[in-house]
Amino acid sequence: MVPRRYQASWLVPIEGPPVERGAVLIGEDGRIAALGAATQVPLPLGAVAVDLGQVALLPGLVNAHTHLELTGFDGRNDETDFPAWLRRIIALRAERRPEDHLAAARQGLRDCWAAGITTVADTGDSGAAIAALAAEGGSGIAYHEVFGPHPETAEASFAAYLRQMERLRSFEGPRIRLGASPHAPYSVSGPLYRRVAAWAREAGLPLAVHLAESREESELLERGEGGFARAWRARGIPLPGASCSPVAWLDAHGVLGPATLCIHMVQASPSDLDLVAARGAAIAHCPRSNRRHGHGTAPLGAMLDRGIRVGLGTDSGASVAPLDLMAELALAARLAGLGGEAALRLVTLDAARALGLEAEVGSLRVGKWGDLVAFRLPGPVDAGR
């Protein structure tokens, strides 16, 4: 690519103070070659100069949790009961052909770009997300999901999953990574969790799990009650009989670790958070989705107080649309009483750290990918406020 030099009234690198009248030089390899005060950033021969004017120039936003293949389902699921909502999503997905899943994922990715999101951490089981990232030249991690709540089917489910993962590895590239995602405690058996987690660790793949999201999930693990427990009994699936929290149950099956992203964590107790912190796992926090489904408010402040890596995610367009990470930021900041700088990091560098991508994205620094987003300013402002 041709080198490009972008200049703006404010440069907000995240790692370092804002720079008034700043500039960023993106090299031929797509990485940042120089940045700082505009007077100090060169314009090489043949480079394209772009003056963006009265904007704040930031690193592209990092979305710690999406379901791109569910794009287009907004307004088509009014269920308020969470297990019923999930059943409706399954029915809607069954109406789609493989090419429809891919088209939805590509549209979802473009929707993210329009909202300033340049890196996504997606979970899905169709393979559409990683194919869309490859086709569109995107950036992120595609965590491929596996399901199987009956322990007797664990080996068959795992064998089929390995075949799918082998096929999807062909989509990986410098900016696209494949990850593993045993879906949730209400959809995956203990033996399947253990098999997938051990394999992912050995293969060096990141892991993502929906965890401690709903009260029904906690009721299933702690008491064998609630909507998910009733669904399991109706299908002849033996209850886990764990008598512990979902977080403790996953830890007992070797799931939690530094490469694990725990999605939601609304129902997490202080001891659950202590366990996540001790294992070095990260959390994807989706406040608007949590509110939409009536799950409650995740203890973001307690997560941060424990030094847990946390990034914000939008969840799917089926839960909340549009995919607006800045709306997630505003709600998270209000609920946890965060200042502007701390909140902004949750959709940039902190989100990148939660995904293990901080060396590549999340801030403007020489050597990182030149992902930029410009926010129009109404007038002269102090970008550090």
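This is a predicted model: local features need pLDDT of at least 70, side-chain atom pairs count only at pLDDT 80 or more; totals for chains, interfaces and linings use all residues.
View 1. The side chain of His-210 makes a polar contact of 3.2 Å with the side chain of His-67. When neighbours within four places in sequence are left aside, the residues in contact with His-210 include His-65, His-67, His-183 and His-264, together with Thr-123 and Glu-145.

**View 2. The largest pocket and the elements that line it.** The volume of this pocket is about 720 Å³, and its lining is made up of 32 residues, among which Leu-86, Ile-90, Phe-147, His-183 and Tyr-186 lie nearest the centre. Helix H1 (82–94), strand S7 (117–124) and helix H7 (226–234) each contribute at least two residues to the lining of the largest pocket, with H1 giving the largest share, 8 residues.

**View 3. The largest cavity and its lining.** Searching the whole structure gives 1 cavity of 30 Å³ or more, and the volume of the largest cavity is about 60 Å³. This cavity is lined by 13 residues, of which Gly-124, Gly-127, Ala-129, Ala-142 and His-144 are the closest to its centre. At least two lining residues of the largest cavity come from each of S7, helix H3 (128–136) and strand S8 (140–146), and the lining as a whole divides into 7 nonpolar, 4 polar and 2 charged residues.

Technical notes:
Residues are numbered from 1 along each chain as its sequence is written. Side-chain values use heavy atoms; hydrogens and water are left out. A polar contact is a pair of N or O atoms within 3.5 Å; within protein, one must be able to donate a hydrogen and the other to accept it, and residues adjacent in sequence count only if both atoms are side-chain atoms. Contact means heavy atoms within 4.5 Å. On a 1 Å grid over the protein atoms alone, a cavity is a set of points where a 1.4 Å probe fits but cannot get out, and a pocket is an open set with protein on both sides within 12 Å along at least five of seven lines; lining residues have an atom within 4 Å of a point. Grid points are joined across faces, edges and corners, and a volume is the space filled by probe spheres set on the points. Helices (H or I, at least four residues) and strands (E, at least two) are DSSP runs, numbered from the N terminus. Ala, Val, Leu, Ile, Met, Phe, Trp, Tyr, Cys and Pro count as nonpolar, Asp, Glu, Lys and Arg as charged, and the others, Gly among them, as polar.
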